[in-house]
Amino acid sequence: MREFISGRLVSGGGVCEGCGRRLRAGEKVYSLAAEVEEMREYLYCQGCRPSEDELPEGVLSLEPALAVEEPGTDERTLGIEVKAGSLCTRCGHAFEVREWLFVGVVEGLHGGFIYCRECYLQEKLEDDEE
Ligand SMILES: [Zn+2]
Ligand SMILES: [Zn+2]
């Protein structure tokens, strides 16, 4: 089963691999985790949030995110979702379900292999049927 990660598209936009739809910057997109494996995930709890000039290299900005049991399953969630149990990059705190945190938006999601929400759901469905 393929793993997907969700994120927001950063500047420049991109094109959905599934339907070819043009995706705008700021849109919620999905990417195969394998495609971004080399990409480090930057997660911070409220207390560890770095200031703008402390951001690690490659991190463009910080976005609020919500820890959820299963990312990508709740239609109503508009922000970035992070799997509960993920650890704070700084202090190692494990995020609990419905806890707010901050994610470093990295450059990796602006291009490459991305899916819009509809195509992502379709892809997941196919995986489930296999
Ligand atoms: Zn699509
Ligand atoms: Zn922390």
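Which residues have the most contacts inside the largest nonpolar core? Select Leu43, Tyr44, Ala65, Val82, Phe95, Leu101 and Val103, and you have them on screen; the core has 17 residues. A nonpolar core here is a set of buried Ala, Val, Leu, Ile, Met, Phe, Trp, Tyr and Cys residues joined through side-chain atoms within 4.5 Å. Buried means under 20% relative accessible area, exposed over 50% and partly exposed in between, with a 1.4 Å probe and protein chains only.

Before we go on, a word on what you are viewing. This is a predicted model, in which local features need pLDDT of at least 70 and side-chain atom pairs count only at pLDDT 80 or more, while totals for chains, interfaces and linings use all residues. Residues are numbered from 1 along each chain as its sequence is written, chains are lettered from A and ligands numbered from 1 in the order in which they are written, and side-chain values use heavy atoms, with hydrogens and water left out.

**The whole chain**

Switch to cartoon view. Helices (H or I, at least four residues) and strands (E, at least two) are DSSP runs, numbered from the N terminus. Of the 130 residues in the protein, 40% are buried. Take the contacts (heavy atoms within 4.5 Å) between residues at least 6 apart in sequence: 67% of them join residues at least 24 apart.

Colour β5 (43-44), β6 (59-68), β7 (80-83) and β8 (100-106), the elements that give two or more residues to it. The largest share, four residues, comes from β6. Now centre on Val82: leaving aside neighbours within four places in sequence, Val82 touches Leu43, Ala65, Leu66, Ala67, Val68, Pro71, Leu101 and Val103. Apart from this core lies another, of 12 residues, including Phe4, Leu32, Tyr115 and Tyr120.

**Rings**

Tyr30 sits in strand β4 (residues 28-32) and Tyr120 in helix α1 (residues 117-129), 90 residues apart. Tyr30 is buried at 1% relative accessible area, and Tyr120 is buried at 3%.

Next, select Arg49 and Phe102. Arg49 lies over the face of the Phe102 ring, 4.2 Å from the ring centre; the rule asks for NZ of Lys or CZ of Arg within 6 Å of the centre and within 35 degrees of the ring normal.

**The zinc sites**

Select ligand 1, a zinc ion, with Cys16, Cys19, Cys116 and Cys119, whose SG atoms are the protein donors at 2.3 to 2.4 Å. Donors are N, O and S atoms within 2.8 Å of the metal (3.2 Å for Na, K and Ca); water is not among the atoms, so sites may look incomplete. Cys16 lies in the loop between β2 (14-15) and β3 (22-23) and Cys119 in helix α1, so this pair ties together parts 103 residues apart in sequence.

Finish at ligand 2, the zinc ion held by SG of Cys45, Cys48, Cys88 and Cys91. Cys88 is buried at 4% relative accessible area, whereas Cys91 is partly exposed at 48%.
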